[in-house]
Amino acid sequence: MNLVLLGAPGSGKGTQAKMLASHYKIREISLGDILREEAKKKTPLGEVVSDYMKRGVLVPDEIIKDVIQSKLNSHGFVLDGFPRNLAQAKMLEDILKEKNLTLNKVIYFKVDEEKAVQRLSGRRVCKECGAVYHILNMPPKKEGICDRCGASLIIREDDKESTVRRRWQVFKEETASLIGYYLKKSNLLEIDANKSKEEVFLQITEALGYGEDKDSSGD
Ligand code: AMP
């Protein structure tokens, strides 16, 4: 099972990527998480990408290409946050072809902008392990503290409202055209991402089949 998750900021694709990876026993590849980790460690790559990320704009394609090429190396993955424009979609096709891999489904998370902005304003992340919470929908047991590792929870720098609006603009201008692109290729699955995470998960697994991934060659 090889999946791509497509959706605006706050559509819940990061949460579903983790749930799907665990359910189908496939690898979650989140471009945003990978880049944030690099920025946190202040690696040469991290230094380059952190300014783009803080501003809520896309990191240039040439940089993304190297990162994705090194991560996509075997069957059984769920890609969160890539591709984000047409050039990256073509890049993905080339990489898959080169590595003899196929894409089964592109899942489009359709969400209302106001709902998404509301979700992101309540989002808190663990500064150590990256676990994600929401002050209303998924609060930690102890306020401000990660259930998993005990570290403090923080607000992502790009989750402040002005940056969220900018990220939405970037989605509309650069990423939304991929919906039509994958629709034409007949491998798009559109789901209603305004629903709760359990309902969204059900919509996806009902469409893909509940079973664990046993044969990655089929659809
Ligand atoms: P995300 O966690 O997916 O919302 O990504 C956070 C930020 O990382 C984005 O606002 C971009 O600055 C950068 N980023 C993540 N994925 C990509 C990508 N495929 N292409 C360019 N920039 C990306």
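1. The largest nonpolar core has 57 residues, and Leu72, Leu79, Leu92, Ile107 and Tyr182 touch the most other members. A nonpolar core here is a set of buried Ala, Val, Leu, Ile, Met, Phe, Trp, Tyr and Cys residues joined through side-chain atoms within 4.5 Å. Buried stands for under 20% relative accessible area, exposed for over 50%, and partly exposed for values in between (1.4 Å probe, protein chains only). Helix H5 (residues 86-98) gives the most to this core, with five residues. Apart from it lies another core of six residues, among them Cys126, Cys146, Ala151 and Leu153.

2. The model is predicted: local features need pLDDT of at least 70, side-chain atom pairs count only at pLDDT 80 or more, and totals for chains, interfaces and linings use all residues. Residues are numbered from 1 along each chain as its sequence is written, and side-chain values use heavy atoms, with hydrogens and water left out.

3. Leu92 is in helix H5. Helices (H or I, at least four residues) and strands (E, at least two) are DSSP runs, numbered from the N terminus. Leu92 counts as buried because its relative accessibility is 1%. Which residues does Leu92 touch, not counting those up to four places away in sequence? They are Val4, Leu72, Leu79, Phe82, Pro83, Leu103 and Tyr182, where contact means heavy atoms within 4.5 Å. Leu103 is eleven residues from Leu92 along the chain, and their C-alpha atoms are separated by 9.5 Å.

4. Helix H1 (residues 13-24) has twelve residues, which should span 16 Å at 1.5 Å a residue; its end C-alpha atoms are 16 Å apart, in agreement. The expected span is 1.5 Å times one less than the number of residues. In H1, the residues Lys13, Gln16, Ala17, Leu20, Ala21 and Tyr24 are buried. They cover an arc of only 135° around the axis, so they are on the same side of H1. The arc is that of the directions from the helix axis to the C-beta atoms. An α-helix has 3.6 residues a turn, so residues three or four places apart point the same way.

5. What do the buried residues of H1 pack against? Their partners are strand S1 (2-7), S2, strand S3 (77-80), strand S4 (105-110) and helix H9 (197-208). Just after H1, Lys25 has a positive phi of about 55°.

6. In helix H3 (residues 44-55), the buried residues are Gly46, Val49, Ser50 and Met53. Seen down the axis of H3, they fall within an arc of 125°, so they line one face of the helix. The buried residues of H3 pack against helix H2 (31-41) and helix H4 (61-71). Gly56 follows H3 and has a positive phi, near 80°.

7. Ser30 belongs to strand S2 (residues 27-30). Ser30 is buried, because its relative accessible area is 6%. A polar atom of the Ser30 side chain lies 3.1 Å from the backbone nitrogen of Asp33.

8. The ligand is surrounded by 16 residues, and the closest are Val57, Val59, Gly81, Arg84 and Gln88. A residue is near a molecule if one of its heavy atoms lies within 4 Å of it. An N or O atom in the side chain of Arg84 is 2.9 Å from a nitrogen atom of the ligand. For Arg36, an N or O atom of the side chain is 3.0 Å from an oxygen atom of the ligand. For Arg156, the distance from a side-chain N or O atom to an oxygen atom of the ligand is 3.3 Å.

Notes. Polar contact = N/O pair within 3.5 Å; in protein donor to acceptor, adjacent residues only side chain to side chain.
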